[in-house]
Amino acid sequence: MKIDSISLHRLAMPLVRPFETSFGTQVERDVLLVHVVACDGVEGWGECVAGADPVYSSEYVTGCEHIIEHYLAPALLAAADVTAETLDAQLRFVVGHRMAKAAVEAAVLDAQLRASGVSFARYLGAVRDEVDCGVSVGIAPSIDELLEEVSGYVSEGYRRIKLKIKPGWDLEPVAAVRELLGADALLQVDANTAYTRGDIDHLRQLDAFGLLLIEQPFVEEDITGHAILAAAIDTPVCLDESITSAAVAGDAIDRDATSVVNVKPGRVGGYLESVRIHDVCVARDVPAWCGGMLETGLGRAANVALAALPGFTLPGDTSASRRYYADDLTEPFELVDGRLRVPTGLGTGVTVRSELVAAWATRRPLLLRR
């Protein structure tokens with residue numbers, strides 16, 4: 001496939017409610033979209049999951065846009081042939097910048113699959129027509145407001161509840177939600193690196209609540225600390241931010257630093273690397289699940305397809321569109337009996353609503369040509 005043009009779109013999409021984690025509070029998403037047009041006219045779209053500021057990771061939206069504009073896009077526009085499978089080699093001259101690369105890969109793969117008449121699900125190796133869905137619940141202003149929000153998600157049918165926690169907001173909210181849900185409901189917590197090894201005795205108190213897992217309590221680089229924690233508590237430790245590649249996933253599992261893996265395609269450099277991480281987990285009999293980064297319907301469609309692979313055995317963060325957006329960038333994903341249908345159309349299987357891209361634009365599209 002020879003690429004004729006790459007367009008970069010910046011949008012501002014308001015969230016239906018503020019989303020607070022240990023990193024801060026979001027009230028809207030600064031969205032970067034990559035639109036690829038091949039010389040034969042086939043098109044593809046990808047979504048960058050980076051945040052507006054470098055607080056979740058070192059990448060951020062404006063930085064990703066700069067990397068794509070000045071490095072990744074020129075390399076692809078100059079190439080005689082581009083496929084998703086060749087991208088890693090073609091873009092390897094840029095060190096890191098996985099979220100930027102993942103957005104480009106998603107757009108190229110979408111175009112490639114549409115041209116070849118294949119869906120994301122079929123290409124990635126999906127084995128299910130629908131996937132179980134969990135929901136991520138941010139830090140609330142009060143316990144009462146937290147319980148009200150969780151009750152709403154339970155009534156909608158979500159099959160797993162995830163609570164964001166941080167020092168000062170952990171034992172009490174978890175106890176209250178566990179009491180609300182009952183002993184058998186799937187409940188997990190996500191610390192987003194908010195704790196240190198000095199908090200191990202405190203984190204051990206979470207064992208009393210029968211949690212499915214505790215996600216990323218320590219900083220990304222502290223694989224050894226997570227291994228120490230995993231040996232000290234009964235609650236399974238799950239790594240998220242630490243997992244940046246299949247090699248890192250295998251190393252963390254082999255060192256007993258994690259017994260569950262959260263796979264976020266944007267964080268690991270794309271969907272092809274996500275499948276490789278999935279395969280590492282399957283080979284080691286470690287459960288995996290697909291995380292979320294507040295994606296629009298575009299990224300959600302690809303994530304749902306990924307979550308339908310056989311090794312993704314736990315409900316992911318692939319929530320319905322209305323969990324985050326009153327109006328989505330594509331046709332909305334609707335929860336039915338706690339599950340989302342896997343798109344079967346070509347490529348991502350969804351259509352980007354060009355009128356909303358224009359309405360939510362924060363600047364004119366940046367068009368790059370051969």
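Colleague: In which loop is the place of Asn-192?

Modeller: This is a predicted model, in which local features need pLDDT of at least 70, side-chain atom pairs count only at pLDDT 80 or more, and totals for chains, interfaces and linings use all residues. Residues are numbered from 1 along each chain as its sequence is written, while side-chain values use heavy atoms, with hydrogens and water left out. Helices (H or I, at least four residues) and strands (E, at least two) are DSSP runs, numbered from the N terminus. In these terms, Asn-192 has its place in the loop between S7 and H7.

Colleague: Which word applies to Asn-192, buried or exposed?

Modeller: Asn-192 is not a glycine, yet its phi is positive, near 50 degrees. Buried means under 20% relative accessible area, exposed over 50%, and partly exposed in between (1.4 Å probe, protein chains only). Asn-192 has a relative accessibility of 3% and therefore counts as buried.

Colleague: About how many degrees is the phi of Thr-193?

Modeller: Thr-193 also lies in the loop between S7 and H7. Its relative accessible area is 15%, so Thr-193 is buried. Although Thr-193 is not a glycine, its phi is positive, at about 70 degrees.

Colleague: Which residue of S7 does Lys-162 stand opposite?

Modeller: Strands of a sheet pair through backbone hydrogen bonds, either parallel or antiparallel. Two strands count as paired if DSSP finds at least two bridges between them; S6 and S7 pair in the parallel sense over four bridges. In S7 (residues 187-190), Leu-187 and Val-189 point one way, Gln-188 and Asp-190 point the other way, and all are buried. The residue of S7 opposite Lys-162 is Gln-188.

Colleague: In the open sheet of four strands, how many degrees does the twist average from one strand to the next?

Modeller: The order of the four strands is S3-S2-S1-S13, with antiparallel pairing. Strand S3 (43-48) and strand S13 (366-369) are the edge strands, since each pairs on one side only. From one strand to the next, the twist averages 25 degrees.

Colleague: About what angle does the direction of H3 make with that of S3?

Modeller: Within the sheet, S1 and S2 pair in the antiparallel sense over 14 bridges, and Ile-6 has Val-36 of S2 as its bridge partner. H3 packs on this sheet and touches S1, S2 and S3, contact meaning heavy atoms within 4.5 Å. Axes are lines fitted to C-alpha atoms, for helices over the stretch in contact, and angles run from 0 to 180 degrees between N-to-C directions. The direction of H3 makes with that of S3 an angle of about 155 degrees.

Colleague: Which element gives the most to the lining of the largest pocket?

Modeller: On a 1 Å grid over the protein atoms alone, a cavity is a set of points where a 1.4 Å probe fits but cannot get out, and a pocket is an open set with protein on both sides within 12 Å along at least five of seven lines; lining residues have an atom within 4 Å of a point. Grid points are joined across faces, edges and corners, and a volume is the space filled by probe spheres set on the points; the largest pocket holds about 590 Å³. Strand S1 (3-21), strand S2 (24-38) and strand S6 (160-164) are the elements that give two or more residues to its lining. With six residues, the element that gives the most is S2.

Colleague: Which residues lie closest to the centre of the second largest pocket?

Modeller: The second largest pocket holds about 390 Å³ of space. Of its 18 lining residues, the closest to the centre are Asp-88, Lys-101, Val-268, Gly-269 and Arg-276.

Colleague: Which helix gives the most to the lining of the largest cavity?

Modeller: The volume of the largest cavity is about 130 Å³. Among its 17 lining residues, those closest to the centre are Glu-47, Ala-106, Tyr-271, Gly-299 and Ala-302. S3, H3, helix H10 (265-268) and helix H12 (297-307) each supply at least two residues of that lining. With four residues, the helix that gives the most is H12.

Colleague: Leaving aside neighbours within four places in sequence, which residues are in contact with Lys-264?

Modeller: Lys-264 lies in the loop between strand S10 (260-263) and H10. Its relative accessible area is 4%, so Lys-264 is buried. With neighbours within four places in sequence left aside, the residues in contact with Lys-264 are Tyr-56, Asp-240, Ser-274, Gly-291, Gly-292 and Met-293.
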